[in-house]
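Take a look at the chain below. We go from a surface term to one loop, and then to the chain as a whole.

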Amino acid sequence: MIIAHRLSTVRTADRSITEVNQFIEETRQDVASGKFKEHFEQSHHYYLQDWQIDHLDDRVVSMHCLNYMFTGGAHANYGYQSQNYGAREGKAVALGLSDLFRPGSDWLEVMRPLLVKGLTEAGAEWVPKPGDKDYEENLSEEALSAFTIAPPGLTFYFGPYQFGPYARG
């Protein structure tokens with residue numbers, strides 16, 4: 001059994017980062033204590049959780065995680081998750097995608113064609129089109145929940161099979 005876990009600790013004078021550091025430390029302790037060991041009893045199983053800090057300033061902390069595991073079968077599998085925090089009154093407040101837009105706006109309807117264009121340009125094989133039965137589900141806020149915030153804009157992370165076969169990455 002191999003369990004790997006890589007985390008970077010956020011160090012800054014800004015007190016709004018305290019919750020982020022606490023989350024990282026709790027996860028580090030979970031791994032060190034063997035919390036995940038029962039899920040990977042057989043020696044050929046592998047689990048990796050790798051957090052990367054994508055942006056850090058006085059107002060925003062944005063990071064994503066690659067969760068990679070092999071539990072037997074034809075190949076390993078992976079997926080992504082993210083944590084985004086904004087500073088509000090000296091505290092870190094978790095941010096979801098909808099928190100970045102004005103309440104009541106059509107932000108998702110505006111964003112979907114941009115995502116379709118980006119997926120097409122990236123060579124995705126299974127790009128949903130308006131009118132497809134799964135268009136709204138595949139481009140819902142839940143399906144877009146792994147994202148990071150940085151000065152160039154938003155970056156979305158998609159797992160295998162979301163927009164193409166595993167072999168396409």
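A residue counts as buried under 20% relative accessible area and as exposed over 50%; partly exposed is the range in between. Keep these cut-offs in mind for what follows. The model is predicted.

Start with Asp134. How does Asp134 count on that scale? Its relative accessibility is 31%, so Asp134 counts as partly exposed. Asp134 sits in the loop between helix H2 (107-121) and helix H3 (135-138). Asp134 also belongs to a negative surface patch, together with Asp132, Glu137 and Glu142. Patch membership requires over 30% relative accessible area and no salt bridge.

Stay in the loop between H2 and H3, where Gly123 is also found. Gly123 has a relative accessible area of 28%, and is therefore partly exposed.

Now step back to the whole chain. Its secondary structure consists of 3 helices and 7 strands. In sequence order, the pattern reads β-α-β-β-β-β-α-α-β-β. The chain has 169 residues, and 35% of them count as buried.

Next come the contacts. Take those between residues at least 6 apart in sequence: 54% join residues at least 24 apart.

Last, the surface. The accessible surface of the chain is about 10,400 Å². Carbon and sulfur atoms account for 49% of that area.

Notes: Residues numbered from 1 in each chain as written. Predicted model: local features only at pLDDT ≥ 70, side-chain atom pairs only at ≥ 80, totals over all residues. Heavy atoms only, no water. Patch = residues over 30% accessible without salt bridge, like charges linked within 9 Å, V, L, I, M, F, W, Y side chains within 5 Å. Areas by Shrake-Rupley, 256 points an atom, 1.4 Å probe, with all protein chains shown as cover. Salt bridge = Lys/Arg side-chain N within 4 Å of Asp/Glu carboxyl O. Lys, Arg positive; Asp, Glu negative; His and termini not counted. Charge placed at Lys NZ, Arg CZ, Asp CG, Glu CD. Helix = DSSP H or I, 4+ residues; strand = E, 2+ residues; numbered from the N terminus. Buried < 20%, exposed > 50% of the residue type's maximum accessible area, 1.4 Å probe, protein only. Contact = heavy atoms within 4.5 Å.
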